[in-house]
Structures are given as structure tokens and as C-alpha cells.
Amino acid sequence: MGEIKLMKGNEALAEAMMRAGCDAYFGYPITPQSEVLEYLSREAPFKSKMVVLQAESELGAINMIYGASGCGKRVMTTSSSPGISLMQEGLSYIASAQLPCLVVNINRGGPGLGTIQPSQADYMQAVKGGGHGDYHLIVLAPYSVQEMVDFIKLGFELGEKYRNPVMILADGAIGQMMEKVELFDFIEKKEEAPEWATTGRKPGKDRVYITSLFIQPETMENVNKILQAKYREIEKNEVRFQVINLDDAEYVLTGYGLGARICMKAMELGREKGYKIGLIRPINLYPFPYKIYSEIATKIKGILDVEMNAGQMVEDVRLAVEGKTPVRFYGRMGGMIPTPEEILENFEKFFIYGDKDERNRND
Amino acid sequence: MSEIETISVSKEAIIKPENLVYSPPKTLLDIPMHYCPGCGHSTTHKIFMEVVEEMGIKNEIIGVTPVGCSVFAYYYLNVDMQQAAHGRACAVATGIKRVLPDKYVFTYQGDGDFAAIGTSESIHAANRGENFLVIFINNGIYGMTSGQMAPTTLPGMISTTSPYGRDVKTQGHPFKITEVIATLPGSAYVTRQSVHTTANVRKAKKALRKALEIQKMNIGFQLVEIVSNCPSNWRMTPLESNKFVEEQMIPFYPLGDIKVPEVK
């Protein structure tokens, strides 16, 4: 059993980073995730050999990630929504050059400068690419401080396995709240750089270069084919989700991260009132667990998708069920968090009493 | 005249290592360059690779290419290279040098990359005293996108986006970023050179070597600006463009060392 501590989400994440053998962190302050850079600046000199550098901007940070990852090092950055938008250019280059790295988005309300309160409005940006060109990040969505810790390790491993950028998409509440966590021990990792890394020419071997520029369209198409083949492989191997009470479920509540966590309470309240409600929580947002929704669709009377946005993941849920069951959406926006009671109220409105409001209908 | 005919030495007999007075550095790949005839990029590539070869550091150096004409520099420079996003070379180089502090690191950037879109990354890397070399090619124009105004375009100079000559009242002044960087405590060696004459090529090569020697001392950022030409987009012959460098560019961008560290 690992060390048990009471920790704030962002600080637990920073501690896990050191324990996971992160070689370099480049970041820029932004609420609600500045504790990560603060914690590392304070703790890393005593606990780790890692580089910790406050960059001049998120643009600077993500390109430092590109350079250090290109040297075969374990690297990461963290930011929040407006900063993550600035990083999209770099992420597109990193995906194209097939460099592993871990990026954390402590999602806050938008658009624009928005608010510093928790939000899930960056779902589309995270799972559909985000920057220019056809690419995907592997996206993990923690719903607890414990998962913030566990996904650091998993995120590095997935990134290195597929040579692909990985994003942990959390939100301001997960970043700021304190919970009991079990920390894994400090990892010893091999120091040898991979073949593709630029570490200076190896005697007797060809030099290596890292690029995302393939000026001949035939070559660029082939690079895209390689990327797409990799994404199919990721879709085959890396789907992760949690289900609760699906066996006897007549209705399903679904959401990710904090949204899913609130749905768990709403499900309990509903079951107390006699509604047979189950829950699906995608853990990977990319690749998305389409199959579980598709399988359950013919056995239930409807799905209520709950998110802290205007309805983003619900598009993937609808794609998955292909109209076989009604999919309704309830969300709060701009940094507002739904309560279990209002989720249950909307569940009853949609599925128990029925509603005449066309805005809520899609079936 | 008949003397020539009587010489019967074969070509093979002449081409021997001991007879060679010149050969290109092996750190430069022997493939045709995409640069226009007369362009300063190819000369700068060559002298820098000569320096790398002479110092015996080809296995100890990592380079970063920008976006611009020299985006393809990694086709020619036979060392480990990374290609960066437009303007971000100094951030990429920071990432490399921070995790591999024992290696030599350089970026190779044009004026648009280093002094317009990448100004923040350039200045902050210099100000942090990042220990790498920037080779900054200033030809006062955007070459790759075929001749738009650059941050370093001279007042009155014609480009496709200043077709009546750069009007400093509406289009701003040429940016002497090299002088700015020399004022920063993080910069150790700042110099401005050119490659438009043989004598200047030799001086530029010495400056590049000095920069890498300073990098070994780990005392701060190194910047070697090369005032260069762009025959194609200046709409000139190579010779005319070299004359323009001499008569127009250098008076505005004077050559020589701007900041040299005191070395014991």
C-alpha cells in the first residue's frame, strides 16, 4: 500500500508527477491550476531531479515540451482553458511529429476569458483534435483526486506506448478539492533515450530529425495514414469506462469527471424513489466507449446525459445509440455546477412525467 | 599552346586527398539545396557546418529550424535536428537544452521567425540566459512566402506588402532586435556579421566558432546575426543584392560585436 495523504487535486497531481519520473515540467500560471507550478517549484528541488521552468507564456511552455520530448524525456505541462487554447498550435505539431507528452487541462468556464469556476466546456476541443489537422489526443477524465494521481502514471505510459500526446481533462473543482489519496512510490525508469530522440548523433548511426513538415502531398497523406492506423489501434486497446447498476437499469445517467460524480448521487436519490437508474462514466473520452452505449440502448427507456457545458459529449452518446433510445441532455454552463436534486428533477421531467418542450427533444 | 596538349595526367591521378585544397564539410549533406542562386543561407550553412566539424562536435550538437526559407535546413545540416513551429525555435531550444545541458544547441532563424512572430520566445530565452546559440538571418524580407515586409525591412524598402516602400508612420519601424537583446543581462555574446564578401564570410565563421566556445563556458545566450540578401524577392541579381547589403543594409545594421563577454 502506498502513502496515504489528504491532498488538494492540483497538488496531488504535482506530487504524482515527481513520483512518476517526470523529467521536465514547463508551465505558466493560470487559475485554477497555479498550485501545480507552485508545488513543483517548492518541492521538486528536494524530491526529484526534474527540470521545473516557468515559461513566458503557454505558447512558450508547449514548445519547450516539444523540444524536451524530442530528446526522449518524460515531460508535461498543465494549464486551464484559455491557456490550453494557446497550446493548440503546439499540440498539433506534437501530434504530427509523434512526440509523447502529458498535458493537463483544469477546465474553467468560457468562452473567452470566461470565469475561474469549474466547467466541462472544453470537451470538443480535447477529444476531436483541438488544433489544425487530423489528429487525436488520448484523453483521460478523472472524477476524483485519486484518479488525478493514477492518471499521471497511466498518461505517461500511454503517451510513450503510442508516441502520442495525452491529455488529462479535469475541471476546476477536481483541481481545487481535497480528498484522501493513495500515492504510488517513486518510479525508477530507464535512462536510455529512444531511437527517434535527438540527443546528438550516435556514432555509426544516421542522424535523426523531428519534424511535422512533409511538403509533398503524397508523403503527407502517408503520414496521415500512419497516424490514423495508430488511432484505430488506440480505439481498439484503450477504451476505459465505469458502469454502475446497469443490470436492472431502465434508465441511464451518463456524464464524465465531476458531472459523473454528481450523477452518482442523483442516481442514488432516484433509486430511493424507485426509479431503476444505472450509470455510465467514460474514463477515456478519446477513445470514447461507443460500444457500451450501443449495447445498452435497446434494453433501456432512455439516457440522460449531464455535463457542465451546453451539450458536447452528448453528441458522442447520440452517435453511439443511433436513435435506438431517447437521449436527453441537462447541463449547466459558465462555471455553474448542477446539484443532484436538479439532475433528478430533470430526469423526472424528461422520462417520468414527460415534457412538451421541443428544446429538450431529439428523438 | 601545344604545352596543354602534352600533359597526359589522368583525372584520377589529380583527385587525391593530398592534392585537395578544398572540400565541403562532411557535416553538410551532399544534396542540391533549394535556396535561390546567390542566397546567403547556403554560405551560412556551410561555414557553420565547417565550424561544427572543426570543433569535432557533430555528435554533440542539436539544432532547431524555424519556419521560413530555412525551414528545410535539416535537409542539409547532417546533425540531429528538430523542426519548430513558426517563431517558437527559442522555446523548443530551451526545452532541449534544459534536459540535455551537456549538448551544444542552436537555432537557425530568419527575421520574421526570430523578430516578429517569435519575439516573445526570443527575448525571454535571451533574458533567462538560456545557454544556446541563435543564428539569426536578417535579409529584411519574408522569403518563403515570396517577398512580404519583415520586421527588419528598411524604411522605404519595397516589398509585396509595402509596394510603395515601407512607410514607418503606418507600418512601423525596422526592429533592431539584436541591439535589444544585447541590453539583456542574460545575453553573453551578441554580434552582427554578414556573408556578402569573402572577408565577411571569414569573420562570420570566426564569430560562429566564438559563439559555440562561449556556449561551452555556460555564461549566457549567444546571438549571431547575419545580415544577408534575398536576390529573388529583392528582384535583383545576386551581385546587385550584395551591393544592396553593402550600401543599404549595413549602414542601417552596422556590423561588428555588440556584446562580448570578458573572458579570463
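Which strand of chain B do two bridges join to E9(A)? That strand is E2(B), residues 80-83, and the two run parallel.

First, a word on the source. This is a predicted model, in which local features need pLDDT of at least 70 and side-chain atom pairs count only at pLDDT 80 or more, while totals for chains, interfaces and linings use all residues. Residues are numbered from 1 along each chain as its sequence is written, and chains are lettered from A and ligands numbered from 1 in the order in which they are written.

Helices (H or I, at least four residues) and strands (E, at least two) are DSSP runs, numbered from the N terminus. Two strands pair if DSSP finds at least two bridges between them. In the pairing I opened with, Tyr209(A) stands opposite Met81(B) in E2(B).

This pairing belongs to an open sheet of eight strands with mixed pairing, in the order E9(A)-E2(B)-E1(B)-E3(B)-E4(B)-E8(B)-E7(B)-E9(B). E9(A) and E9(B), residues 256-259, stand at the edges with a single partner strand each, so one side of each is left without a neighbour in the sheet.

Within that sheet, E4(B), residues 133-138, pairs with E8(B) in the parallel sense over six bridges. Asn138(B) there stands opposite Val227(B) in E8(B). Please also find Glu225(B), which lies in E8(B), residues 221-227. Is Glu225(B) buried or exposed? It counts as buried because it has 29 C-beta neighbours inside 10 Å; the cut-offs are 20 or more other C-beta atoms within 10 Å for buried, 12 or fewer for exposed, and partly exposed in between, with C-beta atoms placed from the backbone. Leaving aside neighbours within four places in sequence, Glu225(B) is in contact (C-beta atoms, placed from the backbone, within 7 Å) with Phe136(B), Asn138(B), Thr178(B), Arg192(B) and Gln193(B).

Let us return to the meeting of the two chains. The contact takes 33 residues from chain A and 29 residues from chain B. On the side of chain A, the elements that give two or more residues include E2(A), H4(A) and E9(A). H3(A) gives the most, with nine residues. By class, this side of chain A has 16 nonpolar, eleven polar and six charged residues. Here Ala, Val, Leu, Ile, Met, Phe, Trp, Tyr, Cys and Pro count as nonpolar, Asp, Glu, Lys and Arg as charged, and the others, Gly among them, as polar.

I turn now to another part of chain A. In a regular strand the side chains alternate between the two faces of the sheet. Both faces of E11(A), residues 251-254, are covered: Tyr251(A) and Leu253(A) on one side, and Val252(A) and Thr254(A) on the other, are all buried. Four parallel bridges join E11(A) to E12(A), residues 277-282, and Tyr251(A) stands opposite Ile277(A) there. E11(A) also pairs in the parallel sense with E14(A), residues 302-307, over four bridges, where the bridge partner of Thr254(A) is Asp305(A).

Lastly, two helices. H1(A), residues 9-19, and H6(A), residues 145-162, have axes that come within 8 Å and cross at roughly 25 degrees. That makes H1(A) roughly parallel to H6(A), since angles under 35 degrees count as roughly parallel, over 145 as roughly antiparallel, 65 to 115 as roughly perpendicular and the rest as oblique. The residues of this contact divide into eight nonpolar, one polar and one charged.

Key: Axes fitted to C-alpha atoms, helices over the stretch in contact; angles between N-to-C directions. Contact = placed C-beta atoms within 7 Å.
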